[in-house]
Amino acid sequence: MNRRFVLALALAAALSAPALAQDKSIVVASTTSTQDSGLFGHILPSFKAKTGIDVKVIAQGTGQALDTGRRGDADVVFVHAKSQEEKFLAEGHGVKRYPVMYNDFVLIGPKSDPASVKGKDVETALKAIKAKGAPFISRGDRSGTHSAELALWKACGIDIEKEKGPWYKSIGQGMGAALNTAGASEAYVLSDRGTWISFKNKGDLAILVEGDKKLFNQYGVMLVNPEKHPNVKKELGQQFIDWLVSPEGQKTIADYKIDGQKLFFPNAGAPGA
Amino acid sequence: MMRAPITDLPLAFENASLRIGSVDILAGLNLEIPAGAPTILLGPNGSGKSTLLRLAMNLVRPTAGRITWGRRNHPDERLAMVFQRPVMLRRTAAANVAYALGRRDERRVTELLDRVGLSPLAARPARRLSGGEQQRLALARALARDPEILFLDEPTASLDPAATKAVEDIIANVAASGVKIVMATHELGQARRLAGDIVFLARGRLVERAVAATFFNAPKTAEAAAFLRGDLVI
Amino acid sequence: MPDGASALQLVFGGDPGLYRIVALSLYVSVAAVLLAALVALPFGAFLALVKFPGRTFVVVVINAFMGLPPVVVGLAVYLLLSRSGPLGFLGILFTPHAMIVAQALLVIPIIAALTRQTIEDLWTEYREELTALRVSPARRVGTLIWDARFSLVTTLLAGFGRAAAEVGTVMIVGGNIEGFTRTMTTAIALETSKGDLPLAMGLGLVLVTIVIGVNAIAWGARRVGELRAG
């Protein structure tokens, strides 16, 4: 069976192609919001130029990203949901949490603003949306944004799980998908500013509520615990973390702008962040 | 002391039957085919000629009775068969013969192609040969097995007279070289041209068995006589 | 890839990012089909030719698996290859190798089922002749596969089409890592979710063109082969 043999050889050659050749690399589990904002495209080349390390970013919701870390499939996790991150540490899956940067959430909605929330504070706005039964898109995916949204409903005194109606649509997808859905269904949605600024399909949507202290969104980075997962590349991973919180890394983050707007505000070392 | 060479002759049917569902395709066949001149199976369509050949070639087992080859229960495998519509493998004529040969032997392949007059077409894709050429190639394939008995099932039924003559010539030639020919045909003229002895079948039963001259000139049964006259034997 | 650039500009401008994505897509799907063929062609032929107890059940299951949802396959392979999973020591999660394996699993039922059908039909035609020629069962398989080669090319193309078009499997086991495991389909999904619909559509057109191209080449090769082999 000559033909079979040749095929098998070709296959073996193909499969051993140098796709795995790069050894100086780490896997970072991060969030879709962070990826969709374009931040990584901006900061990773600088990191690679300095250290020669390839950073491979897997973008998922915060919950999923942390689970990826729990399974040992990533070396570093970089997300924005402090309570979930602290749980991760408490479980022993992470070594130490470093605050890196913050941005804020904004409440996006149709320019027609059926619930009249423009300019109000976020809790008043959410109550109005619920009262009016105006369509609202929820990430529904255990992401940092989703956690923040749930915390805000709770702060309003609304038990959203019990009190939601057909106006509340939980889509279980990333920020970009949520914005697409909101635009298509004239709905309100909570978004991080970074994704919003770099989102290209804004259509009829606009920022209606911003600046509220409750919309603060903190990002943290952790090395996955090498004692639980021996395959973790701890030196390379720590190098990435160290760079993120270093003056150079922080400046690179601050330099990331779209249309002149800064997307992320570095705050490594800030107490209580 | 020399051992007697293994032979598949005589080919013997002992009360052999083939029943499919409730129909007896062949019933109670008692027949012995010895070495020698070609044996022609003659009879109208549906008389059981093809089935007899397939039983003899061990392609199918009888539902009753038995078949022996050289007094043994299994043939020695120096049997070969040519079908009415041969299946050409999707490769050249030469490659088809080489396939049947089962080993790399260019000299032998050329020899076989020569024997059936297909040498100039050796490199042609077999499926693009004409009907007659394909039948001759099927013959070459069968001969590649160096058979003691060569079965043929109405090999020229779909061919024009020129192609038929070419095939008959080869068959006569093969018979002359010592291969036992057992061939089914419904065509009287062909039987006359090629036969040593005739096995006449009708409705799944052996009706008459005789040397060619006897059968054609003095048939013993009414059905045989009717068939020779050109009547429909139902 | 530059944000906001139209896909056509990328193609004609020779954008290296786009070429890398196209090259990876082809590499993964072609390798997956070849790997799948290695397993599925003989298996399909075996199913066609060998009667064994439970054969009908296996045939039904294989036919049903032609419609396996890619995300399900992706998830199953992910759990196998995860560091916490049984095959984690291989360390191939989030690499093209995992994508190839996962897509191969997706494509094996298609190739096996179509091969079985093709070979079974051909065997009906060839049975008497090959039996008369006393061809051994092992040799029969090779002969039937070789004689059915043109139909089998179409079968492989069906497998390639399925592989090249799917996004669920490669997204889950590959992770859509830029410059490393991002394929055309995952790139389209990403650009859509970033709201860059024109770019996503452009990439989609490039993908469709490539798949048509591959089919055209295979069709041409088949025609040439048929003309030469009858």
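Student: How many residues does the contact between chain C and chain B take from chain B?
Tutor: Since this is a predicted model, everything we say here is computed from predicted coordinates. Taking the two sides of the contact in turn, chain C contributes 13 residues, and the number from chain B is 16.

Student: Which element of chain C gives the largest share of the side that touches chain B?
Tutor: The elements that supply two or more residues to this side of chain C are α5 (96–132), α6 (137–147) and α10 (197–229). By class, the side holds four nonpolar, three polar and six charged residues. The largest share, six residues, belongs to α5(C).

Student: Which pair of chains has the most contacts?
Tutor: Chain A and chain B can be set aside, as they do not touch and their nearest C-alpha atoms are 14 Å apart. Of the two pairs of chains that do touch, the one with the most contacts is chains A and C.

Student: Which element gives the most to the side of chain C that touches chain A?
Tutor: The contact between these two chains takes 28 residues from chain A and 25 residues from chain C. On the chain C side, the elements giving two or more residues are α2 (16–49) and α5 of chain C, and the residues of that side divide into 11 nonpolar, nine polar and five charged. The element that gives the most, with four residues, is α2(C).

Student: How far apart are the centres of the two domains of chain A?
Tutor: Chain A is divided into domain 1, made of 23–103 + 218–266, and domain 2, made of 104–215. Taken over C-alpha atoms, the centres of domain 1 and domain 2 of chain A are separated by 26 Å.

Student: Which element supplies the largest share of the side of domain 1 of chain A that touches domain 2 of chain A?
Tutor: The contact takes 20 residues from domain 1 of chain A and 16 residues from domain 2 of chain A. On the domain 1 side, at least two residues each come from α2 (32–36), α4 (62–70) and α5 (82–90) of chain A, while the residues of that side divide into six nonpolar, 13 polar and one charged. The largest share, three residues, comes from α2(A).

Student: How are α11(A) and α12(A) oriented to each other?
Tutor: The axes of helix α11 (residues 234–245) and helix α12 (residues 247–254) of chain A come within 4 Å and cross at roughly 65°. The contact is made by A:Trp243, A:Leu244 and A:Val245 of α11(A) together with A:Glu248, A:Gly249 and A:Gln250 of α12(A), and these residues divide into three nonpolar, two polar and one charged. Angles of 65 to 115 degrees count as roughly perpendicular, and the two helices are therefore roughly perpendicular to each other.

Student: What is the bridge partner of B:Leu11 in β2(B)?
Tutor: Strand β1 (residues 11–20) of chain B is joined to β2(B) by seven bridges, and the two run antiparallel. In β2(B), the bridge partner of B:Leu11 is B:Ile33.

Student: Which are the edge strands of the six-stranded open sheet in chain B?
Tutor: The order of this sheet is β5-β6-β7-β3-β8-β9 of chain B, and the pairing is mixed. Pairing on one side only marks the edge strands, which are β5 (79–82) and β9 (205–211) of chain B.

Student: What is the bridge partner of B:Leu42 in β7(B)?
Tutor: Strand β3 (residues 39–42) and strand β7 (residues 180–185) of chain B run parallel and are joined by four bridges. In β7(B), the partner of B:Leu42 is B:Thr185.

Notes:
Residues numbered from 1 in each chain as written. Chains lettered and ligands numbered in written order. Predicted model: local features only at pLDDT ≥ 70, side-chain atom pairs only at ≥ 80, totals over all residues. Pairing = 2+ DSSP bridges. Axes fitted to C-alpha atoms, helices over the stretch in contact; angles between N-to-C directions. Parallel < 35°, antiparallel > 145°, perpendicular 65-115°, else oblique. Contact = placed C-beta atoms within 7 Å. Nonpolar A, V, L, I, M, F, W, Y, C, P; charged D, E, K, R; others polar. Domains from an automatic or database assignment.
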